[in-house]
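Here are my notes for your reading of this model. Please keep the structure open beside them and look up each residue as it is named.

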Amino acid sequence: TRYIGGIGGEKEKHEEYDRLLKLHFQPDDITKQLVESEAGKKIDIMLGGGRASWLPRSDEDTGKMYFSSDCSNIFSRHRWDYNSDDWNCTRFDQRNLIEEWLGNHTDGVYVETRDQLMNLTMEEASVLGIFTNSYLTWDHEVNETNNKPRLEDLAVQAVRFLQKKAEAEDTGFFIMIEAGRIDQVVVIIKRDGICSANLLDRVTL
């Protein structure tokens, strides 16, 4: 899924809650927390989708207007397209959080293709992997041409990385693996192909 995505549930209610929360309390967004917070800085490896929320907004993004100006109403003007990697939720603060993450992790690496992921040496201090602009590619749509990782690739490489790090530091590790596109079945249960694609991801996981 995307780094900012939730785990299942009633999506419209979550969006309304987020809008009210931003209006009254102005909390830091999730991507920003992953870069700036002490907890975020301690994460050894993060692999997912949603590159748009890490990058500064451009004139092209503004022209699409899938979101209102404050990102508060994503359904107001366009139907949500879960099958597209075209997602314009880039940053109004014009920050490049990928570059900032690299600045905070001088011995870390950023990867964005399956080849780069599978070629990790496991000696890296930390890893940030963002493989799509929006949601991760469905497993059954992965092929040699698009160079996207499967869920198995993400899970296996993350475990290998953490095992190597734990052995070197004589510690244990915690890992959370989520095939988070289950929420799309909740929102668009009647759309062709979504249920079968989600079932395939569940089986893979």
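1. A residue is called buried when its relative accessible area is under 20%, and exposed when that area is over 50%. Please also bear in mind that this is a predicted model. With those words in hand, turn to helix 5, which covers residues 97-104, and find Leu97, Ile98 and Trp101, which are buried. Seen down the axis of helix 5, the buried residues fall within an arc of 105°, so they line one face of the helix.

2. What does the face of helix 5 turned away from its buried side carry? On that face you will find Glu99 and Gly103, which are exposed.

3. The start of helix 5 deserves a separate look, for there a side-chain oxygen of asparagine 96 comes to within 3.1 Å of the backbone nitrogen of isoleucine 98, and Ile98 is one of the buried residues already named.

4. As for what lies against the helix, the buried residues of helix 5 pack against helix 2 (30-36) and also against strand 1 (45-48), strand 2 (109-111) and strand 3 (127-130).

5. These strands are paired as well: strand 1 and strand 3 run parallel and are joined by four bridges, with methionine 46 having leucine 128 in strand 3 as its bridge partner. Strand 2 also pairs with strand 3 in the parallel sense, over three bridges, and here valine 109 stands opposite valine 127.

Conventions. Residues are numbered from 1 along each chain as its sequence is written. This is a predicted model: local features need pLDDT of at least 70, side-chain atom pairs count only at pLDDT 80 or more; totals for chains, interfaces and linings use all residues. Side-chain values use heavy atoms; hydrogens and water are left out. Buried means under 20% relative accessible area, exposed over 50%, partly exposed in between (1.4 Å probe, protein chains only). Helices (H or I, at least four residues) and strands (E, at least two) are DSSP runs, numbered from the N terminus. The arc is that of the directions from the helix axis to the C-beta atoms. Contact means heavy atoms within 4.5 Å. A polar contact is a pair of N or O atoms within 3.5 Å; within protein, one must be able to donate a hydrogen and the other to accept it, and residues adjacent in sequence count only if both atoms are side-chain atoms. Two strands pair if DSSP finds at least two bridges between them.
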